[in-house]
Amino acid sequence: MQQETWAGERLAALYRSLQTSAAGLSHADARDRVSRYGSNELVFHHTRSIFLMLLDEFRALFPVLLMVAGGLAFVADYLSAGEGYNLIGMALLGVVVLNALVSFFQNYKVEKIMMGFLDYIPKSVNVSREGEIINLDAKELVPGDALLVQEGDKISADGVVIESEQMLVDESVLTGESVPAEKIASDDIIAPGTLVFSGAMVVKGNARIIVTHTGRNSKIGKISEMSQTVKADLTPMQRELKNFVHKITWLALVIGLVFFIVGFVSGNTFWTNLVFAIGIIVANVPEGLLPTVTLALTQASVRMSKHNAVIKNILCVETLGSTTVICTDKTGTLTRNQLHVEKLYLDLKDVDAEDLDHFHDNRASQTALEIMALCNEAVESVQNNHEKEITGDPTEVAMANFADRLEGYEAIRSRFTPQHSRPFDPQTRYMTTTHLTQGGSLFLTAKGASEAIIGRCQSIHREGFIRPLAEAEKAHLLEQAATYSRQGLRVLALAYQVVDRPEQEPDQLTFVGLTAFVDPPRPEVPAAVAACKTAGIRIIVMSGDQAETVVYIARRLGIVEQPHVITGEDIETMSHDDLINVLKEKQVVFARIAPEQKLNIVDALKSMDEVVAMTGDGVNDAPALKRADIGVAMGKKGTDVAKEASDIILLDDNFATIVRAIEQGRAVYDNIKKFITYILTSNVPEILPFVAYVLFPIPLPMTVVQILAIDLITDMLPAIGLGNEPPEADIMQRPPRRRQERLVSYKTFIRSYGIVGPVEALLSFAVFFYILHSGGWSYGDRAGVDSILYAQAAGAFLVTIIFSQVGNVLACRTNRQSAIPYLKRINSWIVAGVLFELSFCVVIVNVPVFHHFFTTAPFSIEIWITILAAPVVVFIIEEFRKLLVRRGVEILAA
């Protein structure tokens with residue numbers, strides 16, 4: 001084995017600056033440096049105390065609104081005791097507490113999952129201290145230490161390689177480069193091939209490294225700190241709920257103030273008007289909306305968890321639904337982060353590695369397969385689960401897997417007896433092995449760089465024969481290798497020679513073929529890409545990999561057809577406006593870009609009013625994941641930095657899960673819009689009784705307790721049912737909603753407060769006054785009404801609203817299309833909600849124990865039949881509104 005050791009002038013200067021040597025530090029010096037530089041650890045996830053997590057649930061605008069309304073209710077109860085305002089106050093505070101607990105437990109569950117991810121930095125390392133190799137906690141590593149790594153180790157600090165033996169390092173989590181980087185000892189201590197970084201994985205060989213940076217000063221530490229300083233914006237749902245709270249607050253205040261003034265003009269006392277103004281304000285607050293939104297988002301999160309997606313913040317579920325652009329890393333996200341054989345060039349013919357029939361028909365295929373298996377140091381082993389696994393250098397693993405798929409890797413090797421091997425040498429750029437065949441000849445196999453192998457070939461395996469290799473054919477083969485390279489493929493040449501001695505140099509090789517490798521796309525990604533395009537979502541590839549590879553993958557997946565490649569060097573020369581102009585091109589892809597450049601791209605897209613989702617798994621993705629509207633990290637191969645910066649974690653690293661999440665997000669937005677429309681409607685028949693009571697000499701048609709019965713009892717299950725409506729069939733054929741589109745617009749208020757709400761109020765007042773007049777009540781007699789008669793009328797008013805809401809919930813299942821076909825589609829939540837509403841009405845009207853609390857009393861079957869018409873009337877009016885909308889009357893669209 002060849003081991004490279006360098007001790008030039010620059011390395012000597014490094015030793016002097018770090019006050020160390022190849023033998024490492026003394027124990028005393030190491031202890032001193034721990035106190036000077038700090039421990040070698042990174043805090044990717046700051047654990048939050050349970051108390052602060054719970055407290056955060058009460059600080060959002062909507063809970064604050066409900067708590068203020070609850071406070072006002074207690075003030076009203078103090079001013080006018082016995083009216084039930086204390087019940088409203090307690091109910092509002094109860095809703096806030098219940099909602100906080102539901103949201104808290106969801107977030108606490110995610111917190112525990114996040115803590116389970118934090119195992120990125122190795123627990124222990126081998127270092128040389130005073131010339132003695134010891135094993136210590138990775139936290140104790142300091143600059144100047146001599147770190148020893150070998151195959152399978154995760155490097156735990158930045159440093160310079162001073163000794164190496166066939167060292168290959170996977171740096172994809174830092175650079176996005178899918179092919180492992182070769183690391184050698186050199187006097188040029190700032191050359192990329194000499195430097196190693198914390199977080200990278202040793203896939204082959206071993207090395208001695210002088211540590212230069214640890215903890216927060218390492219490259220991974222700096223990127224982690226960058227991601228922690230990036231400010232995340234409010235999610236679209238947070239902005240919409242904030243907008244809705246502002247609207248409903250101003251609406252409640254204006255209505256309350258108007259009727260305070262009207263009551264004052266009508267001659268009522270100041271305190272009477274204040275109490276009713278407070279009542280109107282509180283009645284306008286949709287108490288049931290907050291828990292319904294929380295439950296809808298939580299249930300969507302649970303559904304997504306069944307598809308291996310961990311939702312860190314339930315508000316982010318909807319954000320995916322409004323996504324217009326997905327910025328995705330290539331390595332490990334679109335691709336498997338595992339090389340495989342993509343193409344072969346055998347018998348001067350291009351062969352697709354997936355076309356096994358074509359491969360077997362080629363006369364050079366058997367020889368090529370033997371070279372792949374024999375000129376290979378990959379190791380096959382059986383795991384505890386009895387599954388076979390091949391490990392080693394990624395290119396050798398790819399060849400071994402290819403051979404294993406066709407004939408069996410070990411089956412091929414068992415037919416030959418190893419005699420000699422010559423490891424890959426960076427100087428000669430090839431590797432050879434010599435095996436004894438069953439016929440007794442010595443079979444030397446060689447693989448390596450195209451130029452190195454083809455330059456040593458004297459003959460070619462062609463059409464089943466061996467014949468001399470002409471110079472023109474050599475040039476053709478080199479051009480074919482260059483063509484593969486330009487396509488983003490990694491190329492190795494295969495050759496063999498029958499030799500006299502096992503250790504003989506390869507000087508008269510017979511060329512067999514070229515093998516082209518690629519980190520292949522995940523099998524589920526093409527369909528996911530097609531679904532995104534259908535849904536009007538743009539995909540932009542941003543990778544640290546070479547341009548040719550990025551172009552090859554982007555084309556193969558159908559993301560772009562004629563790619564315009566922008567590199568990190570190009571971005572360095574661009575202004576923010578220049579970058580925006582580039583992003584307007586639909587065929588742009590990014591290659592060889594740094595983490596901060598990904599961040600710049602995300603910022604530019606957001607300034608273009610795009611809703612940006614960023615996917616990634618590497619440390620280099622973390623800042624952009626944090627800055628995007630929604631960050632999606634890979635759970636299996638993703639780094640802790642990426643997971644901490646993200647909003648959603650895909651436990652199976654399946655890109656297609658994003659498409660399912662987008663579908664769920666769109667459905668959640670549609671459903672929240674539906675149940676907000678549904679819940680707001682009942683505000684009108686709840687408010688108007690108080691207004692009528694202030695303005696006219698009539699009994700109060702509805703009590704405070706009855707309002708609570710609607711908002712917190714009967715409306716809840718149907719609203720949850722609307723929140724669980726399945727996605728509509730065309731939901732992924734629509735373009736993303738515009739950022740300017742409001743969750744609750746003035747059209748929503750027109751529908752709820754101007755059409756359906758007044759209809760419900762009119763029907764309820766009609767039944768109320770019909771019962772009073774039938775019982776002998778005269779207009780103007782506010783105090784003389786019989787208590788039983790009043791309970792019948794007030795109970796009927798309540799029941800009419802509840803029955804009207806049955807028609808409303810059935811109508812709310814669609815916005816523009818007719819809801820009649822949906823009557824055949826069973827939504828178990830809505831069915832349960834309607835049955836509960838009807839049962840509730842029957843019970844509170846006919847069971848005496850509930851009469852006093854709910855102000856109800858039994859009424860005649862004639863009244864029940866009249867009330868039964870209410871849901872039909874509401875449903876028909878809604879169908880007529882939708883018909884007008886479909887015919888172009890957009891102002892009526894909710």
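Visitor: Which residue's side chain meets that of arginine 422 in a salt bridge?
Guide: This is a predicted model, and the answer is read from its side chains. Side chains of opposite charge can pair when their charged atoms come close. Here the N to O distance is 3.9 Å, and a salt bridge requires a separation within 4 Å. The partner of arginine 422 is glutamate 505.

Visitor: How many residues apart in sequence are the parts that this pair ties together?
Guide: Arginine 422 belongs to strand β15, residues 417-422. Glutamate 505 is placed in the loop between β20 (490-499) and β21 (509-518). The pair therefore links parts of the chain whose separation in sequence is 83 residues.

Visitor: Is arginine 422 buried or exposed?
Guide: The relative accessibility of arginine 422 is 16%. Buried means under 20%, so arginine 422 counts as buried. Glutamate 505, by contrast, has 42% and counts as partly exposed. For arginine 422, the answer is buried.

Visitor: What is the N to O distance in the salt bridge of arginine 813 and glutamate 725?
Guide: Arginine 813 and glutamate 725 are both buried. Their side chains meet in a salt bridge, with an N to O distance of 3.0 Å.

Visitor: Where do these two residues, arginine 813 and glutamate 725, lie?
Guide: Glutamate 725 is found in the loop between α29 (716-723) and α30 (746-774), and the pair ties together parts that are 88 residues apart in sequence. Arginine 813 lies in the loop between α31 (787-811) and α32 (828-846).

Visitor: Which helix holds glutamate 878, the salt-bridge partner of arginine 751?
Guide: The side chains of arginine 751 and glutamate 878 meet at 2.9 Å, N to O. Arginine 751 counts as buried at 1% relative accessibility, and glutamate 878 counts as buried at 1%. Arginine 751 lies in helix α30, so the pair ties together parts 127 residues apart in sequence. Glutamate 878 is in residues 861-886, helix α34.

Visitor: With which residues is threonine 800 in contact, leaving aside its neighbours within four places in sequence?
Guide: Threonine 800 lies in helix α31. Its relative accessible area is 1%, and threonine 800 is buried. With those neighbours set aside, the contacts of threonine 800 are Leu763, Ser764, Val767, Ile867 and Ala870.

Visitor: Which element gives the largest share of the nonpolar patch on the surface?
Guide: Val64, Met67, Val68, Phe74, Met90 and Leu93 form this patch, with about 460 Å² of accessible area together. Two or more residues come from each of α4 (61-79) and α5 (85-117). Valine 68 is placed in helix α4. The largest share, four residues, is given by α4.

Visitor: How many bridges join strand β2 to strand β4?
Guide: Strand β2 (residues 124-129) is joined to strand β3 (residues 132-137) by six bridges, and the two run antiparallel. Strand β2 also runs antiparallel to strand β4 (residues 146-150). In that pairing, serine 128 has alanine 146 in β4 as its bridge partner. The number of bridges between β2 and β4 is three.

Note on methods
Residues are numbered from 1 along each chain as its sequence is written. This is a predicted model: local features need pLDDT of at least 70, side-chain atom pairs count only at pLDDT 80 or more; totals for chains, interfaces and linings use all residues. Side-chain values use heavy atoms; hydrogens and water are left out. Buried means under 20% relative accessible area, exposed over 50%, partly exposed in between (1.4 Å probe, protein chains only). Contact means heavy atoms within 4.5 Å. Patches are made of residues with over 30% relative accessible area and no salt bridge: like charges are joined within 9 Å, nonpolar side chains (Val, Leu, Ile, Met, Phe, Trp, Tyr) within 5 Å. Accessible areas come from the Shrake-Rupley method with a 1.4 Å probe; for residues, only the protein chains shown count as cover. Two strands pair if DSSP finds at least two bridges between them.
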